[in-house]
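Welcome! Here is a short briefing to read alongside the sequence and the 3D view, taken topic by topic.

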Amino acid sequence: MSEQTVALERKIVTAIPGPKSQELHAKRLKEVSHGVGAALPVYIDRAHGATLIDVDGNQFTDLGSGIGVVTIGHTNDAVVAAVQEQVAKLTHTLFTVTPYTPYVDVCELLNKYTPGNFEKRSALFNSGAEAVENAVKFARKFTGRGEIAVFDHGYHGRTNLTMAMNFKAMPYNSGFGPFAPGVHHVPMSYPFRDPEGMTGEQAAARAITYMEKRVGASNLAAIVIEPIQGEGGFIVPAPGFLRTLGIWAKANGIVMVADEVQAGIARTGKWFASHYEEGFEPDLFTIAKGIAGGMPISAVTGRAEIMDSSHAGGIGGTYGGNPVAAAAAVAVLKQIEAGGVLEQAMRIESVLTSRLGAMKAKFPVIGEVRGRGAMIAIEFVEPGTHNPNSGAVDAVVKHCHQNGVLVLNAGTYANVIRFLPPLVISDEQLHDALDVLEAGLANI
Ligand code: PLZ
């Protein structure tokens with residue numbers, strides 16, 4: 001879709017959802033599994049930049065990016081061109097049968113831009129969950145150990161192993177077990193809810209004690225952590241937490257895995273969120289979402305000796321690193337490499353934190369504003385307490401949706417609204433969306 005064809009501003013022309021969306025939704029309910037949810041059942045026809053256009057002609061400002069996927073913007077010109085060119089040339093061989101170039105190019109770029117000044121390798125997959133599964137495979141193979149530590153409030157996917165790694169039973173896991181064994185849930189650093197003044201080092205000591213006593217360091221293959229938790233509500237651990245865990249992991253031969261599926265690829269204003277914590281040097285990274293402008297592709301990147309520990313043929317999958325998705329990823333990564341994209345995330349951070357900070361001062365339902373770059377959230381409480389207030393979130397989200405602003409909720413207590421706008425959103429479009437949010441807050 002070209003920008004010239006339609007002005008990309010927020011515009012609501014029917015009830016939400018509109019009549020065509022309602023009709024499609026009725027059909028969907030007959031045809032699509034009801035286990036597949038729908039946060040806002042407006043049926044999207046096309047999109048560009050930070051604007052979604054539905055089948056009724058309503059235009060939404062997208063503050064969710066399909067959960068942090070179209071970081072580079074909807075229908076980014078370079079991504080569209082790369083996909084169009086590649087799809088006409090080669091759509092599939094299966095990389096482990098006969099290879100092709102874009103796969104190798106993606107690996108080269110990821111090896112270069114992930115934190116850590118050591119020799120790296122990458123392997124490509126289709127989804128975030130698949131990347132996490134494979135990071136665990138690499139860590140187990142390399143260490144010869146079986147146990148895995150993950151963190152409270154964490155999220156890692158919907159496959160059997162990654163369900164075992166999720167914190168929240170509802171909606172992700174409930175009724176779908178039994179789950180893969182060998183996964184241990186460890187206390188996270190959650191500054192807003194931890195004892196007042198708890199440092200990152202103290203929170204890490206709490207987690208380490210748990211791992212030592214409950215699991216035993218020598219049994220652990222990997223610690224898997226989101227450097228900023230996504231579904232958990234953009235929980236940024238206290239400074240020192242990640243570094244201390246990493247040092248302990250290294251001292252005990254445990255592979256440190258940073259799940260950067262949501263926080264990675266320019267989202268936080270750096271290539272990866274792990275870059276923010278000095279002295280934190282994960283061994284492996286899981287990467288997906290923002291890497292390819294909406295094309296399904298994911299990666300595990302990390303230390304060569306870990307990534308090479310599998311026998312040939314141990315790692316793979318029919319579609320992993322598909323040529324068209326890989327071409328899209330190269331187009332995204334090259335734009336970040338060319339410069340300016342990280343700055344866009346920092347521009348968004350300054351608008352979001354100043355506007356949301358002002359709203360926090362005005363509306364006591366906002367307990368905290370947190371996050372980095374274009375990954376910012378507000379946690380809702382009952383005024384004057386830390387008690388979660390999911391009712392306020394529901395009301396504000398509904399107001400935003402009715403008025404053409406797509407926001408997403410998050411959090412263990414469903415009491416967080418998260419903002420993940422495409423980085424191309426203009427200040428004007430962002431302010432306009434935040435005006436809608438503010439009106440919603442004034443209404444509850
Ligand atoms: N790790 C940190 O955020 C995906 C889930 C959407 P997949 N988060 C969005 C939903 O409701 O299913 C995610 C993540 C982190 C792993 C994953 C899993 O990535 O591409 O959804 O498999």
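## A first look at the sheets

An open sheet is formed by four strands in the order E11-E12-E15-E14, and the pairing is antiparallel. Its edge strands are E11 and strand E14 (408-410), each of which pairs on one side only. This is a predicted model, in which local features need pLDDT of at least 70 and side-chain atom pairs count only at pLDDT 80 or more, while totals for chains, interfaces and linings use all residues. Residues are numbered from 1 along each chain as its sequence is written, and side-chain values use heavy atoms, with hydrogens and water left out.

- Helices (H or I, at least four residues) and strands (E, at least two) are DSSP runs, numbered from the N terminus.
- Two strands pair if DSSP finds at least two bridges between them.

**The antiparallel sheet**

- Neighbouring strands of the sheet E11-E12-E15-E14 are turned by 30° against each other on average, direction ignored. For such angles, axes are lines fitted to C-alpha atoms, for helices over the stretch in contact, and angles run from 0 to 180 degrees between N-to-C directions.
- Strand E11 (residues 366-372) pairs with strand E12 (residues 375-380) in the antiparallel sense, over six bridges.
- Within this pair, Val-369 stands opposite Ile-378 in E12.
- E11 and E12 form a hairpin with two residues between them, and Gly-373 in the turn has a positive phi of about 60°.
- E14 and strand E15 (residues 416-419) run antiparallel and are joined by three bridges.
- Asn-409 has Ile-417 in E15 as its bridge partner.
- Helix H12 (residues 390-402) packs on the sheet and touches E12, E14 and E15, its direction making about 40° with that of E15. Contact here means heavy atoms within 4.5 Å.

**The mixed sheet**

- Another open sheet has four strands in the order E1-E2-E3-E13, with mixed pairing.
- Strand E1 (44-48) and strand E13 (405-406) stand at its edges with a single partner strand each, so one side of each is left without a neighbour in the sheet.
- Strand E2 (residues 51-54) and strand E3 (residues 59-62) run antiparallel, joined by three bridges.
- Thr-51 has Thr-61 in E3 as its bridge partner.

- Helix H7 (residues 200-214) and helix H8 (residues 241-251) have axes that come within 7 Å and cross at roughly 35°.
- The crossing of H7 and H8 is right-handed, the term for a near helix turned clockwise from the far one by less than a right angle (left-handed if anticlockwise).
- On the H7 side, the contact is made by Gly-200, Glu-201, Ala-203, Ala-204, Ala-207, Ile-208, Met-211 and Glu-212, and on the H8 side by Phe-241, Arg-243, Thr-244, Leu-245 and Trp-248.
- By class, this contact has eight nonpolar, two polar and three charged residues. Here Ala, Val, Leu, Ile, Met, Phe, Trp, Tyr, Cys and Pro count as nonpolar, Asp, Glu, Lys and Arg as charged, and the others, Gly among them, as polar.

**Helix lengths and buried residues**

- The 16 residues of helix H5 (residues 128-143) should span 22 Å at 1.5 Å a residue, which agrees with end C-alpha atoms 23 Å apart. The expected span is 1.5 Å times one less than the number of residues.
- Buried residues of H5 include Gly-128, Ala-131, Asn-134 and Phe-138. Buried means under 20% relative accessible area, exposed over 50% and partly exposed in between (1.4 Å probe, protein chains only).
- Among the buried residues of H13 are Gln-429, Leu-430, Glu-438 and Leu-441.

**Backbone details to look for**

- Most residues other than glycine have a negative phi, and most peptide bonds are trans.
- His-153, in the loop between strand E5 (147-151) and H6, has a positive phi near 75° and is buried, with a relative accessible area of 11%.
- Ile-265, in the loop between strand E8 (255-259) and strand E9 (284-287), has a positive phi near 60° and is buried at 1% relative accessible area.
- The peptide bond from Ile-16 to Pro-17 is cis, with omega near -10°, and Pro-17 lies in the segment before helix H1 (19-31).
- The bond from Met-170 to Pro-171 is cis, with omega near 5°, and Pro-171 is in the loop between helix H6 (160-165) and strand E6 (183-186).
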